[in-house]
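Q: I would like to learn how to read the features of a model like this one. Please show it, and we can go through it together.

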Amino acid sequence: MQTVSDSVARRTALAAQGFADPRPGGEPTRRHLQRVLSRVQLLQLDSVNVAVRAHYAPLFARLGAYAPSLVDDAAWSHSARRPRLLVETWAHEASLIPVEDWPLLRSGAKRMGWWRGYEKLLERSPTLAEDVLAVVKEHGPIGAGAIERELAGGQMRRQGAWWDRSEVKRICEWLFGMGQLSTGTRRSFERLYDLTERVIPPEILSTRVEKDEAARRLIGKSATALGIATETDLRDYYRLGPDVARQAVAELVEAGELEPVRVRGWKAQAYRHVGARTPRSITGRALLCPFDPLIWERARTERMFGFRYRIEIYVPEPKREYGYYVFPFLLDGELVARVDLKADRAGGVLRVQGAFAEPGVDHGRVLPELAAELAHMAEWLDLSGVVAQPRGDLGAALGKIVR
């Protein structure tokens with residue numbers, strides 16, 4: 001069994017995630033979007049919009065400035081000439097995945113999520129799911145609030161049916177999790193539900209993949225995205241169960257798609273995808289949102305980069321170490337700093353509410369690169385500039401540069 005250094009593992013992982021690819025010289029196109037998706041496989045969705053929505057940020061990190069409509073059109077609008085490229089489902093968390101991957105997530109390989117608890121509502125209101133589906137069939141794409149109003153104000157209320165709005169919303173989540181509803185489109189990020197058969201092309205919707213085969217393919221996709229990883233890393237990418245993931249890993253090793261390797265400093269067995277490449281060096285810079293697939297598995301981030309990262313959204317402000325919505329800064333293959341960012345739309349600026357260097361990092365090398373990438377992000381977000389607070393060991397110096 002081959003033994004590789006932590007540096008080789010890191011460069012392999014960064015290349016797998018697309019950070020060895022040069023950013024486009026011109027305006028990124030759907031082809032560039034597809035190239036990034038071939039690396040990362042999915043884009044996580046999240047409701048927090050302090051700086052930028054989570055599903056837009058990983059593309060900016062890899063492509064630089066691009067039109068967010070590139071993602072919107074791929075996920076939430078389609079035509080005969082430009083078919084839907086992405087669809088929403090539960091993957092890592094709520095995510096955008098390539099449409100053709102839909103059958104893999106509906107195969108039973110992935111564990112049912114938190115929404116399964118909402119099934120108990122049907123014991124109290126056995127017709128609620130059927131009624132919600134009827135409203136969506138007639139009016140979709142439609143939001144949960146509008147569904148509730150239709151149920152409350154229409155014939156169903158006259159028949160005596162009445163539900164709390166939160167119950168309607170929960171049943172919508174349950175139907176979405178079970179695959180009977182999908183996201184037809186979004187309006188100001190509100191999910192507008194539609195029948196899945198009106199969202200997923202019939203040839204994909206009718207495709208059936210056996211659970212074990214789907215698990216192998218999902219673990220293969222995880223390995224493609226991660227390059228080199230432990231079994232736990234591979235399992236976490238699509239949140240698969242441990243038993244099905246271990247079996248899939250063993251079968252992919254036997255098939256020659258995964259190669260067992262040792263990584264110096266890693267306690268667990270690692271696996272390298274047979275197609276992974278290891279460049280001699282990684283150059284360039286990127287700001288990584290908290291939900292970037294390079295760093296969303298915190299234990300892997302610490303093992304891979306020596307970078308301890310925790311999201312502090314739910315930590316009371318006085319107890320936060322770095323800030324509310326912190327972006328790690330990737331420079332030439334290393335995580336060298338982190339910045340707490342907020343897009344101040346009213347003020348027209350990107351606010352850096354704290355900037356912190358990692359121990360031993362050369363501030364003189366990091367500061368101009370960080371300032372330039374922040375300015376690039378501000379321009380991408382249609383903000384007039386960057387304002388940095390003096391908080392953190394980089395804050396004061398950064399404030400002078402961006403000023």
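A: Strand β4 (residues 94–98) runs antiparallel to β2, and two bridges join them. Strands are DSSP runs of E with at least two residues, helices are runs of H or I with at least four residues, and both are numbered from the N terminus. Two strands pair if DSSP finds at least two bridges between them.

Q: What stands opposite Leu43?

A: Leu96 in β4 does.

Q: What is the order of the strands in the open sheet?

A: The order is β2-β4-β3, three strands with antiparallel pairing. β2 (43–44) and β3 (86–90) stand at the edges with a single partner strand each, so one side of each has no neighbour in the sheet.

Q: What kind of model is this, and how are residues numbered?

A: The model is predicted: local features need pLDDT of at least 70, side-chain atom pairs count only at pLDDT 80 or more, and totals for chains, interfaces and linings use all residues. Residues are numbered from 1 along each chain as its sequence is written, and side-chain values use heavy atoms, without hydrogens and water.

Q: How many helices and strands does the protein have?

A: There are 17 helices and 14 strands.

Q: What share of the residues is buried?

A: Buried means under 20% relative accessible area, with a 1.4 Å probe and protein chains only. Of the 403 residues, 56% are buried.

Q: What share of the contacts joins residues 24 or more positions apart?

A: A contact means heavy atoms within 4.5 Å. Among contacts with a separation of 6 or more, the share is 66%.

Technical notes
Buried < 20%, exposed > 50% of the residue type's maximum accessible area, 1.4 Å probe, protein only.
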